[in-house]
Structures are given as C-alpha cells and as structure tokens.
Amino acid sequence: MRSKFEKFSLLGAGVFVGILVSINISAWADRTSVSQLPIDELRVFAEVFAKVKSDYVEPVEDKKLINEALAGMLQGLDPHSTFMDADAYKELQAGTQGEFGGLGIEVAMEDGLVKVVTPIEDSPAYKAGLKSGDLIMKLDDTQVRGLTLNDAVKRMRGVPDTKITLTVVRKGEDKPLTFTLTRAVIKAQSVKSKLIEQDYAYVRITQFQERTGEDLAKALKNLRAENKGPFKGLVLDLRNNPGGLLDAAVGVSAAFLPKDDLVVYTEGRVADSKMRLNATPMDYARRGKSDYLKDLPEEYKSVPIVVLINAGSASASEIVAGALQDHKRATIMGIQSFGKGSVQTILPMNNGSAIKLTTARYFTPNGRSIQAKGIVPDTIVDDGSDPSLSLHEADLKRHLSNPSDIAKANAEKAEEIKARVGGDKPKDEKFAETRGPIEPASKDDFQFVQAVNQLKGLPVQKAPEAVKAATDKPASTEKPAGAEKPAGAEKPAKK
C-alpha cells in the first residue's frame with residue numbers, strides 16, 4: 001500500500017513540478033523563492049492527487065484533475081486571471097479578432113454564479129435586456145454553481161441559431177427572470193460613427209480589438225470628408241465598453257494627443273510588465289502594422305472632445321479616458337467607470353492551452369491608479385438608472401487593491417452614489433423604469449444630448465426628468481467653463 005501511495009505521490013508531484021517548469025515560473029517569481037520550491041505544499045498536492053485517483057467514487061482522468069487544479073489556482077488570485085484549455089484559448093483569440101459565436105456578454109465569476117459585467121452592443125444578450133450586475137444561476141437546466149467560468153462560457157457559446165435559456169437573479173426583482181436567447185455569430189463592430197449635424201461628429205467604440213485603431217482612423221477620415229471642413233466638436237462614446245487590447249487603447253488615445261505624449265504606464269514585478277506607452281507608432285502599431293494614424297488630419301489633435309463613460313466602461317476604455325483627462329484634451333462626462341486598473345497578459349502553454357494572468361497595474365499619465373476606483377467624470381451626468389445596481393471592480397471578490405488610497409476611493413464612490421440619489425437612502429420609485437436598450441446617440445440618449453450641449457456651450461443637465469421629479473428638486477445645470485477649450489487591458493501574447 002505504501003509503495004502504491006509513493007507511486008501516486010511521485011506522479012502528482014512530478015506533474016505539478018512539470019507544470020511549474022512549463023510556465024517558466026523562474027521568470028514570474030522572486031529570485032529568492034525560485035530556488036526553494038514549496039516542497040511541503042507539493043507533497044500535500046501529491047497526496048490529494050493520489051487520494052482522488054484511488055478513492056474517488058468514479059475514475060477521474062489525470063488531465064481533468066490537473067486542469068481543474070490549474071483553474072482553481074488562477075481563479076483564486078483575482079477576478080481576471082484564468083486558465084484556458086485549448087478550446088477556450090481559441091475562443092479568446094477569436095473574440096479579440098472581432099468575431100465569435102455565442103450570446104455577446106462580458107462575464108466574471110461571483111459566489112459560484114456567472115455575473116454579467118456588460119452585454120456587448122447589438123448582441124443577443126443586449127437585445128434581450130440582460131444588464132450589468134445580473135447573476136446567471138442556470139443555463140438551460142444546468143445549475144451554474146459548481147461550474148468553472150470556462151465551463152459556463154462554453155455552454156453559452158455554440159452553434160448560431162440554437163437557443164439557450166438563462167435564469168437570472170437581478171437585484172430589485174422578487175423572483176428570478178428567464179431569458180431565452182438565440183445564439184448568433186457575434187461580429188463586434190468595434191467602431192461606429194456618424195455626423196450628428198454640420199461640424200459635430202460622433203464616434204462610438206464598443207471594444208478594443210486588433211483592428212480598432214485602423215477602423216477609428218478610417219472613420220475619422222470619412223467623417224472629415226463628409227463634413228467638408230474642420231469640426232467644432234466630437235463626442236467619443238466609451239460607455240459599456242469592457243476593454244480589450246492595450247495597444248488598441250494606445251492607438252485610440254494617440255489619434256487625439258500630440259505625438260509622443262504619455263498615454264499609460266504599467267508597474268509589475270518583472271521587467272516585461274514595466275512599460276511606458278506613448279502616442280507613437282512604436283507603441284500602437286504593433287505586430288507588423290503600419291502607422292495607421294500618419295494621414296489623419298492634424299485638426300483631430302485639437303478638436304474639442306467630450307468622452308462619455310459609465311459603469312460598463314472598463315480597462316482599455318479607462319486608459320483612453322484617463323489619458324485624455326490628464327492631458328486636458330477632453331471633458332469626461334457620465335458616471336464613474338468600472339475601475340479595472342490591471343493588465344492581463346496571455347501566456348500560451350506548450351499543449352495549446354494558455355493562462356490569462358494579471359501581471360501589472362496601469363497608471364494614467366499623472367500617476368493615478370484607478371484600480372477598484374474608476375475614472376471620475378469631470379461632469380457627472382446621470383442616465384436615470386439606480387446607481388446601487390451598477391457593478392464595479394470594487395464589488396468583485398478578490399479584486400486587487402488600489403495602491404494609492406483605498407479608503408478615499410471607497411468614500412468617493414459612496415459620496416458619488418449619495419449625490420446621484422439625493423440623500424443617504426434612495427426612495428422608492430426614484431429611478432426611471434427600464435425601457436430596454438436605448439439607441440446610443442439618439443434623442444432618447446440623455447447623456448449624449450448633454451455631451452452635445454457641452455460642445456455647443458449650452459447648459460448641461462445633470463439628470464433626466466424622471467430622476468429630477470423623484471428627488472423633488474430640479475437638477476442643477478452647469479454652463480461649461482471651458483467650452484471653447486476642452487479640458488487617461490489585455491496585453492497581446494508574445495510570439
């Protein structure tokens with residue numbers, strides 16, 4: 001019996017040590033600890049591995065045990081680090097390239113349930129009415145609790161035109177909601193644009209993908225040609241944009257900043273995670289791309305800009321908003337952003353799997369970390385929704401701390417919510433009823449209307465009529481002081 005146990009112990013320890021070697025742990029850990037592997041802990045791992053193999057009620061494949069152990073290791077770090085098997089890695093690559101099959105939602109794990117971070121615009125999830133903060137408890141007849149995030153994502157993705165029923169717990173609802181969605185090929189058009197009226201343009205970025213920078217440059221050139229002259233103002237809409245590729249965020253920022261201005265810098269434990277990224281082709285035109293901004297009209301470096309953000313604006317969106325805010329190139333308008341101030345690096349493994357590992361925190365040009373805090377708008381403009389339903393990074397378990405001042409960040413968030421609801425406790429029926437998705441840049445898009453007012457030097461309302469009536473006091477108005485002169489993700493895999 002002892003020899004059998006020792007056999008399993010050696011197997012478990014050997015496999016685990018092999019995994020550590022395969023991810024080049026020496027490059028990712030302190031040099032002082034690399035030479036001293038945690039032998040006692042590895043022995044415990046080997047013992048557990050052996051007991052599961054020999055005593056579990058049903059036979060379990062080695063691959064499954066190892067993959068589950070890896071998934072648990074990454075999941076225990078923070079909400080954004082994860083282990084991906086070969087299939088999940090391929091799906092991630094498809095997502096960054098802008099096309100994949102599924103429902104179109106950005107998700108995280110919370111208390112064993114899948115939490116909706118934000119639905120992707122124009123996706124089945126968006127059209128069905130799923131909201132940020134919704135907790136998915138069942139996928140068809142399968143309980144989510146007990147599944148890994150990768151398992152849940154696999155179940156939600158599938159063949160286009162097939163259906164899936166989601167059972168959702170939503171704050172404020174007495175009983176779970178059910179949504180029957182039809183899967184589709186999600187072709188996320190990352191850049192959308194239109195001429196609002198003569199001399200005023202609108203650009204919306206829904207995700208930061210491999211071609212976002214090129215698509216933005218093309219859209220800005222087409223808008224300039226359509227307008228037949230320089231613009232007096234531009235609205236850059238980053239609401240409900242969950243982020244994406246770091247170099248794409250640098251490229252978007254570079255379109256509006258002077259050459260060589262600092263966009264973002266990152267701080268981590270290893271040399272590769274310490275970067276300073278500027279508005280220069282070397283930092284945004286990566287992976288063999290040409291400088292897609294070289295022919296962009298110079299006027300975009302000075303045109304007045306209003307950037308719209310909300311609680312669904314995360315990661316790369318916050319990099320852009322923070323850079324433009326710090327360089328006083330734009331007025332940031334809306335409500336506090338999500339607060340994901342960390343960088344995830346995709347590290348491929350030898351067997352086709354990969355890990356998405358949080359390797360750094362990023363900082364705006366002025367040295368602000370927005371981790372678990374978010375970008376605070378220059379002008380807070382409500383959208384009529386109940387702020388207590390908004391999901392932020394600080395609401396996620398195991399989120400990284402903000403290295404500057406956590407207590408201050410939490411206090412500011414509490415004060416911002418208090419200011420929006422008009423007191424210490426929200427009253428019943430204070431907020432507007434949900435009417436389904438509002439078309440961005442339409443007359444019903446309250447924040448967009450206020451952004452245009454800001455650019456034109458007109459009064460800006462802080463809240464829709466429904467909220468003003470509920471608080472029994474008129475919303476304050478503000479004439480922009482600087483209307484004539486407007487006021488800062490995932491790192492690609494190495495090859």
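## Charges over rings

Arg 276 sits over the face of Tyr 265, 5.5 Å from the ring centre. Lys 456 does likewise with Tyr 200, at 5.5 Å from the ring centre. The cut-off here: NZ of Lys or CZ of Arg has to be within 6 Å of the ring centre and within 35 degrees of the ring normal.

A word on the source: this is a predicted model, where local features need pLDDT of at least 70 and side-chain atom pairs count only at pLDDT 80 or more, while totals for chains, interfaces and linings use all residues. Residues are numbered from 1 along each chain as its sequence is written, and side-chain values use heavy atoms, with hydrogens and water left out.

## An aromatic pair

Searching the whole structure turns up five aromatic pairs. One of them is Tyr 284 with Tyr 292, a tilted pair with 5.2 Å centre to centre and 50° between the planes.

Buried means under 20% relative accessible area, exposed means over 50%, and partly exposed is in between (1.4 Å probe, protein chains only).

Now for the open sheet: six strands in the order 10-11-12-15-16-19, with mixed pairing. Strand 10 (191-197) and strand 19 (379-380) are the edge strands, each pairing on one side only. Strands (E, at least two residues) and helices (H or I, at least four) are DSSP runs numbered from the N terminus, and two strands pair if DSSP finds at least two bridges between them.

Arg 204 has Asp 237 of strand 12 as its bridge partner. Strand 12 also runs parallel to strand 15, with four bridges between them, and here Asp 237 stands opposite Leu 308.

## Strand 15 and its crossover

The chain gets from strand 15 to strand 16 through helix 11, in a right-handed β-α-β crossover (right-handed if, with the strands pointing away from the viewer, the path from the first strand over the helix to the second runs clockwise).

## Helices on the sheet

Helix 11 (residues 316-326) lies across strand 12, strand 15 (305-309) and strand 16 (331-334), at about 145° to strand 15. Helix 8 (residues 212-227) lies across strand 10, strand 11 and strand 12, running at about 20° to strand 10. Axes are lines fitted to C-alpha atoms, for helices over the stretch in contact, and angles run from 0 to 180 degrees between N-to-C directions.

Strand 10 is also the place of Lys 192. Is Lys 192 buried or exposed? Lys 192 is buried, at a relative accessible area of 18%. Leaving aside neighbours within four places in sequence, Lys 192 is in contact (heavy atoms within 4.5 Å) with Glu 121, Asp 122, Tyr 202, Val 203, Arg 204 and Thr 206.

## Around strand 5

Strand 5 (residues 135-139) runs antiparallel to strand 4 (residues 113-119), joined by two bridges, with Leu 135 as the bridge partner of Lys 115. Four bridges join strand 5 to strand 7 (residues 163-169), again antiparallel, and Leu 139 stands opposite Leu 166 there.

Strand 5 also forms a hairpin with strand 6, with two residues between them; Asp 140 in the turn has a positive phi of about 55°. In strand 6, Thr 142 is the bridge partner of Leu 139.

## Helix 13

Helix 13 (residues 446-456) has nine of its eleven residues buried, so it is largely enclosed by the rest of the structure. Among the buried ones are Phe 446, Phe 448, Val 452 and Leu 455. Just after helix 13, Gly 457 takes a positive phi of about 80°.

Terms used: Rings of Phe, Tyr and Trp (its six-membered ring) pair if their centres lie within 6.5 Å; planes under 30 degrees apart count as stacked, over 60 as edge-to-face and the rest as tilted.
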